[in-house]
Amino acid sequence: MFKNYFKIAIRNLWKHRTFTALNIIGLSAAFGVAILLAMFAIYQLSFDKFHENIEQLYLVYTQDSTPDGLDANTSKSEPFAAALKEEVAGIEKITRRNGKNILLTHRGEQFQMNASYVDPEYLKMFSFPVIRGDKQNPITAETTIAITERTAKILFDGENAIGQTVTILRDGQDVPFTINAIIEDFPETSSHGFDVLLNFKNQSKSAYAETIGRWDKENHEVYLQLAKGMTPEQFENGTTAFTELHYKDEIENAKRDGAQPDASGNYRQLKLLAFADTRFANFNQGAVVVNRTMPYLVMGIAILILCIACVNFINMSIAKSAQRLREIGMRKTLGAGKAQLFFQFWGESIIVFLISISSGILMSFLVLKPFQTLFKTRANFEVLMSPSVMIGLVFSVLLILIIAGGYPALLMSRLGTLQSLKGKIETSGKNRLRNSLMVLQFGIAILLISGTLVLWSQVEFMRTKDLGFNKEQVIAFPLNGKRNDQQALQLLRDKLQNRPNIINITASNNILGLGKDGTRSTSVLGFEYKGRGIDTHMLVVDANYVETLDLKLIEGRSFRKNLASDSLSIIINESMAKQMNEDDILNSRIVLDDSTVYAVVGVIKDFNFQEMDRNIAPMTLFAFPNSNLSNAYVKVASQNLEQSYSDVKAAWKIIEPNAEFQGSFLDENIERTLSNERTMTTMIGSGSVLAIVLSCIGLFAMSLLIVAQRRKEIGIRKVVGASIGAITYLLTKDFLKLVAIAFVIATPIAWWATNAWLQDYVYRIDLNIWIFLAAGGLALIIALITISGKTIGAAAANPVKSLRTE
């Protein structure tokens, strides 16, 4: 029986091969793209799931009430972790962590490495297993370190690394360390990455030794593992006494400055963020918000694309049923039951779906590499191999087979015998279903096109926005060699001083945008000013910083080239000046460390030195002589930027021959900060293109069927004098009405969704109706082009031929 079903199914599919091919092409593309998008989304959502204690691991952060609202930060002081574990119940383990780039030397060769400075309990909390060496106390001693398998291969090329000595640059000196353990290479889905693991106490003096016992210097993160049975809420409620004891002054200052308590009546609250949520947490806009919009949006696009392809299949299957009425009637006359007919028609659908799924898997495999490159992801088929994901995929396929394949088969198997033999069927109900599904198709397409246009406009707005500094002509790079920063900077000036294309050279202790090494940093300084607390971002700069970046000086002057004379001078931005609220700002003084007085010598126009999803914060520029500056900035002439870049790179290679040059123009740094937005735009844009293509495949197939069914009517209308235009309009108007209805339904949804997304940005475009009209117009034009070819051809055909055929 099943063999007979199979043979008949193949025969029918081949007989209607045009529609079979259209279905297979559409479904294959949909399944292939859906697999890739699902792979991307699952990869994003699978980060850190490999840790055995993931359910008990939390990041500790502080939520403060300020006069401007809530503020959250993760930086903690040196004594914080030990005091918290001793004074608050419910902590099983706790660790501090600070990530930095280090310069490691082995056998005279230098390597830029990513290091994590942690407490020994770190390896007991997180699942980074030690596979060789001391598995119990790999970094307990301050002279020992642990490295990953990958790092061991780079440094020792198969040689036994345990017991080997390397040196790490710290405070200007090469400090020897013994490799005590090898850590198994961790999965790519780890948000904590490192090449070298060191004891927290092995940091530089400014990062550790000078902060011991000080609650006012915060520079690292703290993670804890809750004891079993302890909930985050219980723990947070139990920290009130700890907070009131150790942050008494900060709480009193918040009250004095007019801050309002949070919903629990607290001015400072210790809170826990689940470690699994840290990758999706936003600390930039008041209270912490965990946002998984990106992976869920991608998964939603995959589902919508599959929905459109399945709608195509259902529509074409129902429309083709009119051509198989006599076949159905004959089968029923010869004794076929509803169940037999259902399985016959459903079998045809299953064959089409199985071919499409196989083709989709093959297509996704072939385009995986370009997909990974385009979307800058390491997602691969391994993320789909977990039992839970496989069960979900199998369930999804079965659901599609049952609904998309089974529904048309059920409709055809329920047709009456006499009605089928007459070759006529009441189609009003079917048309309503068909029309509703086509509205759904084009509604999804219009929604995706609208989203693409809005996202693209927002990204372009941020990319081209005036950030307040020169981003096109300034090259930035880390001073990542062994030389002292000041010495390296002077040598750079000496090497480039006779180059006519080099305009200015300076340095600072931060990077604007996201550097090529993937780092960014900021420092916040708090102090008392005329009886109230003030917080300002702190930036240490070298001479010519204002001039090199073309920052606009509103009042006063810039720093003098002899920085020693300006060691007690500061330059502030407009936001800082507003916070100080002085009539004569240039006569203002601030006092730090209880006695050191700094004079305001200049005010610069606000510029974006942080992410663009937050307001510009108060900023203060300091000119400390002989300070570590970490990042150089070189302003070059606007002509021949490529040659200027090569000149700077060559100069750095001479100064630091063993250090990698990681330079990039500031506009490239800004582009890196927009990578998530660009990925979203590309994802939704690709989805909208595919949605339109799939919708047009369905529309084209439907136009073929409609023309075939109305060939006699077209011939009669031409004989009685109807023009080609009138007939074309008659055949297309119903389809275009459906597109118009889809536009009316989809536009409010698109407006609401894109407006909600834009609220995450302080600087954003204004939505206008033209964006959505463009989306609707584009869908309408594409639909018209799709169906016009066939309809015009049918309208222009010789009516005698169609009438004779009938």
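The secondary structure of this protein, seen here in a predicted model, comprises 25 helices and 25 strands. Of its 806 residues, 51% count as buried. Among contacts between residues at least 6 apart in sequence, 79% join residues at least 24 apart. The accessible surface comes to about 37500 Å², and carbon and sulfur atoms account for 55% of that area.

Helix α3, spanning residues 80-87, illustrates how burial is arranged within a single element. Its buried residues include Phe80, Ala81, Ala83 and Leu84. These four lie on the same side of α3 because they cover an arc of only 165° around the axis. An α-helix has 3.6 residues a turn, so residues three or four places apart point the same way. On the face of α3 turned away from the buried side, Ala82 and Glu86 are exposed.

Attention may now turn to strand β9, which covers residues 173-183. Strand β8 (residues 165-170) runs antiparallel to β9 and is joined to it by six bridges, with valine 166 paired to phenylalanine 177 of β9. The two strands form a hairpin with two residues between them. In that turn, aspartate 171 has a positive phi of about 55°.

Strand β9 also pairs with two further strands, β6 and β7. Strand β6 (residues 130-133) is antiparallel to β9 and contributes three bridges, and there arginine 132 has isoleucine 182 as its bridge partner. Strand β7 (residues 144-148), by contrast, runs parallel to β9, with five bridges between them; here threonine 148 is the bridge partner of isoleucine 183.

Notes:
Residues are numbered from 1 along each chain as its sequence is written. This is a predicted model: local features need pLDDT of at least 70, side-chain atom pairs count only at pLDDT 80 or more; totals for chains, interfaces and linings use all residues. Side-chain values use heavy atoms; hydrogens and water are left out. Buried means under 20% relative accessible area, exposed over 50%, partly exposed in between (1.4 Å probe, protein chains only). Contact means heavy atoms within 4.5 Å. Accessible areas come from the Shrake-Rupley method with a 1.4 Å probe; for residues, only the protein chains shown count as cover. The arc is that of the directions from the helix axis to the C-beta atoms. Two strands pair if DSSP finds at least two bridges between them.
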